[in-house]
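Work through the exercises below with the sequence and the model side by side. Try each task before reading its solution.

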Amino acid sequence: MWFSKSPEEVLKEFDVNPEIGLSEEEGKKRLEKYGENKLKSKPKKSTWKLFLEQLQDMLIYVLLASTLITLAIGEYVDAFIILFVVLLNAVIGVVQESKAEKAIEALQQMTTPKSLVRRNGEVKEINSEEIVPGDIVILDAGRYVPADIRLLESVNLQIEESALTGESVPSDKNAKDIHEDLKTPIGDRSNMAFMSTLVTYGRGEGVVVSTAMNTEMGKIAEALEEDVEDMTPLQKRLDELGRILGFLAIGICVVMFGIAFIQGRDLFDMFLTAISLAVAAIPEGLAAIVAIVLAMGVTKMSKKHAIIRKLPAVETLGSVNIICSDKTGTLTQNKMTVVKHYVYGKMKDLPTEVSGLEADQEEKELIKTLILCSDATYEENGQSTGDPTEIALIALGAKYNMNKNDLNAKYKRVAEKPFDSDRKLMSTLNKEENGYRVHTKGAIDNILKISTKALVDGKVVPLTEELKREYLKVSEEMSDNALRVLGAAYKDVDHKIEPEQMEKNLIVLGLVGMIDPPRLEVKDSILEAKRAGITPVMITGDHKNTAFAIAKELNIAESIEQSIVGAEIDKMSEEEFANKINKYRVFARVSPEHKVKIVKAFKSHGNIVSMTGDGVNDAPSLKNADIGVAMGITGTDVSKGASDMILTDDNFSTIVTAVEEGRNIYNNIKKAVIFLLSCNLGEVISIFLSVLFAWPVPLIPTQILWINLITDSLPALALGMDPGDPDVMKHKPRDPKESFFAHGAGFRAVLGGVLIGIFTLLAFYFGLSEFGYRLGSGNIPQRVLRYARTMAFVVLAASQLFYSLSMRNEKKSIFQIGIFSNSYLIGAILLGIFLQAIVISLPFLANAFGVQMLSLRDWSIVIGFALIPLLVNEIIKIFTRIKDTK
């Protein structure tokens with residue numbers, strides 16, 4: 001039991017030096033030996049199981065039963081065709097489900113938490129799945145513990161272990177503890193950190209003792225395993241719609257069968273027709289198409305740096321009308337650079353790309369404190385880790401040849417008081433030659449509150465009101481120039497003191513000003529967001545003037561009156577703040593708690609709010625927002641876990657791109673659904689009317705199933721993959737309560753269905769009339785019916801294929817969007833027409849489907865009829881555009 005052994009014993013057992021860690025080569029060897037560090041998931045469904053699931057449908061059972069009956073009465077060709085269509089439908093379903101599954105798996109891989117490990121003597125970030133027993137892991141606030149770890153070092157370390165122990169209060173950890181009782185409960189093992197628990201405070205270091213299923217979490221993983229609800233609200237609504245349509249279709253079929261019985265028709269033929277029509281009428285491909293469009297859409301978004309963690313976010317994105325964004329790294333470049341530093345009476349401007357600078361003693365003391373009071377690492381090749389502000393401080397030291405590693409070795413850290421957003425301070429206690437020194441950095445106003453002296457001209461003097469005013473004046477000047485200001489202070493002590501004693505009676509050293517310039521592309525994205533009816537809002541911990549300067553440059557705010565600070569928010573009641581919220585565009589000096597208030601205030605007006613965050617304390621605001629957006633680079637595992645979307649580049653422009661993509665994905669799903677409903681309605685109308693008026697049925701069961709196969713799958717899927725509408729961001733956000741059939745979508749579905757159904761019957765009528773028969777004629781010869789049905793067969797299929805072109809945009813003509821701009825759809829239409837021609841042309845297929853070759857004149861008639869639903873819809877669009885311009 002690792003908790004009963006000393007750190008030295010554990011390290012010896014795993015053959016690892018904590019200062020160096022494992023080598024990369026050893027890490028790979030152990031990964032092969034122990035396997036990936038992830039809990040076993042449910043076994044993947046086999047292709048065969050997926051295939052069988054496609055057949056688990058009441059209507060499919062009826063079709064298979066029909067196949068057996070058809071075989072029994074010797075109709076082998078019909079039986080073969082029905083079976084072929086059923087199996088082909090199932091194969092398409094399997095392919096679609098596999099694609100969706102693979103896309104979601106790929107996204108889950110991308111959201112794997114990262115961990116800090118020491119390998120080859122260097123601290124680096126790796127995927128938690130790559131961690132192996134013996135790895136030296138560094139823990140800090142906001143990270144999930146990646147495996148079971150025996151702690152080697154701990155500084156004020158607290159870990160929330162409710163996932164294991166049920167205890168919501170974080171547990172204090174102490175690496176020095178040894179529990180000799182082998183029956184010590186998990187909650188009392190203070191020298192251990194367990195997989196999937198959360199570091200809430202302090203920092204620590206430890207050696208991995210168990211990974212994957214060998215961890216404590218692994219042992220109870222099976223008990224915790226549960227089915228994940230993958231259906232989005234949209235999919236649920238469509239699933240419900242499918243059921244309603246199913247009951248309607250079955251109802252129509254029962255009525256149709258009853259009418260046929262009264263009319264004295266051949267009941268077996270009518271039974272097959274009714275069943276085939278039920279299959280055609282129910283858009284059973286709907287759920288699969290929505291799933292694959294969503295999966296492909298989020299995969300496409302991941303390539304544009306936005307990882308969707310929860311599928312419902314795709315729908316919600318299209319409705320977002322407020323984007324609350326962090327300033328640092330999201331609106332700016334996240335490359336903080338110190339451009340000024342100040343010790344009393346001496347301001348120095350720093351060139352950005354110069355090194356080898358000279359500093360006097362006071363400046364050296366200032367820089368030394370800023371470096372020692374930092375947890376970041378800095379490499380000139382860009383492989384730095386930690387907070388960008390801290391990286392900038394270490395980069396400042398590098399310019400003066402003051403290396404962090406050298407300073408850390410010389411002045412070893414023995415204790416610390418970590419940064420928190422309430423104090424806005426961080427302090428460390430470091431060993432000096434003759435004692436210890438406290439190094440503190442943070443907000444200059446907070447530094448002045450806890451200081452009693454100042455270093456002036458190399459001497460320690462009392463901190464007078466005049467000195468305070470001077471420091472604050474310099475700070476204000478820096479802030480007015482959009483610089484972020486950090487102060488530094490120190491004190492010497494002769495013995496080791498507790499963290500609570502560190503931030504008292506300090507000596508002010510000075511301050512530094514740094515800037516993080518706006519991202520070049522953000523200005524255009526903000527303009528695009530505003531055009532799309534979205535209000536961008538900046539949230540930052542910076543001073544009001546700094547925040548406003550950046551906001552004005554980016555066109556987020558126009559006047560300082562549109563800015564408010566956290567202290568002013570605290571003075572207002574929730575109701576008062578909610579009433580005034582729409583006045584503000586910049587929220588400065590805010591804490592994570594204020595973010596929750598901001599989200600709730602915006603939402604109280606019915607807004608759909610997106611909120612960005614990166615810290616542990618941001619989790620509540622991310623959960624409260626309609627779309628919680630976590631930072632992929634600077635974000636903690638907790639913020640990522642609470643989010644709906646992760647930005648892999650921490651860029652505001654990516655949020656706007658994701659909103660645009662979300663709108664297009666929703667529109668594409670809508671196109672596919674309306675198209676499917678139009679097609680299915682057309683099939684129902686053509687058959688039902690013929691039965692109702694005692695006409696011959698224009699299509700036999702095998703023809704209905706064939707058309708359903710070639711028009712329901714590929715063109716609908718191609719519509720789901722339609723290229724984005726370039727004007728989608730010129731419209732206001734979609735109302736989330738809006739019906740799926742709003743803005744004329746329901747009318748287009750009905751109109752398309754009616755036109756397709758009527759012209760299918762009209763083609764059937766023309767086919768009969770060429771031989772001198774009418775729809776109501778009795779004793780029509782089989783060869784005449786065959787010819788007429790061929791015409792109806794071609795019109796029904798071709799009209800649906802052509803109509804799909806008109807579905808691509810509800811207002812723009814097919815020429816405005818470009819006939820060939822969706823190559824998938826053109827391919828699906830050409831393939832459908834080719835397959836229709838093959839069925840009619842090849843004698844053995846023509847006999848099987850009860851069709852025959854048409855004359856050239858009749859081909860022109862059926863193609864003309866097939867184009868009419870497309871042309872009518874295009875003419876309606878012309879009037880819609882004229883109405884819009886008025």
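**Exercise 1. Find what joins the side chains of Arg808 and Asp722, and explain what the pair ties together.**

Helices (H or I, at least four residues) and strands (E, at least two) are DSSP runs, numbered from the N terminus. Finally, Arg808 and Asp722 are both buried; with a 1.4 Å probe and protein chains only, buried means under 20% relative accessible area, exposed over 50%, and partly exposed in between.

The model is predicted, with local features needing pLDDT of at least 70 and side-chain atom pairs counting only at pLDDT 80 or more, while totals for chains, interfaces and linings use all residues. Residues are numbered from 1 along each chain as its sequence is written, and side-chain values use heavy atoms, with hydrogens and water left out.

**Exercise 2. Decide whether Glu365 and Arg437 are buried or exposed, and say which parts their salt bridge ties together.**

The closest N and O atoms of Glu365 and Arg437 are 2.8 Å apart in this salt bridge. Glu365 belongs to helix H13 (residues 361–372) and Arg437 to strand E14 (residues 435–442), so the bridge ties together parts that are 72 residues apart in sequence. Glu365 counts as buried because its relative accessibility is 17%, and Arg437 is buried with a relative accessible area of 10%.

**Exercise 3. Describe the salt bridge of Arg857 with Glu770 and the accessibility of each residue.**

Here the closest N and O atoms are 3.1 Å apart. Since Arg857 lies in helix H34 (residues 856–885) and Glu770 in the loop between H29 and H30, the pair ties together parts that are 87 residues apart in sequence. Arg857 counts as exposed at 52% relative accessibility, whereas Glu770 is partly exposed, with a relative accessible area of 33%. As for the total, the structure holds 42 salt bridges.

**Exercise 4. Work out how strand E15 is paired with E16 and with E18.**

Two strands pair if DSSP finds at least two bridges between them. E15 (residues 451–456) runs parallel to E18 (residues 506–515), joined by 3 bridges, and Ser451 stands opposite Leu506 in E18. With E16 (residues 459–462), E15 pairs in the antiparallel sense over 4 bridges, and Lys453 has Pro462 in E16 as its bridge partner. E15 and E16 form a hairpin with 2 residues between them, and Asp457 in the turn has a positive phi of about 55 degrees.

**Exercise 5. Locate Asn651 and trace its contacts.**

Asn651 sits in the loop between strand E24 (645–647) and helix H26 (652–692), and is buried, with a relative accessible area of 5%. Leaving aside neighbours within four places in sequence, Asn651 is in contact (heavy atoms within 4.5 Å) with Gly329, Thr330, Arg519, Glu521 and Val522. The backbone nitrogen of Ser653 lies 3.0 Å from a polar atom of the Asn651 side chain.

Conventions:
A salt bridge is a side-chain nitrogen of Lys or Arg within 4 Å of a carboxyl oxygen of Asp or Glu. A polar contact is a pair of N or O atoms within 3.5 Å; within protein, one must be able to donate a hydrogen and the other to accept it, and residues adjacent in sequence count only if both atoms are side-chain atoms.
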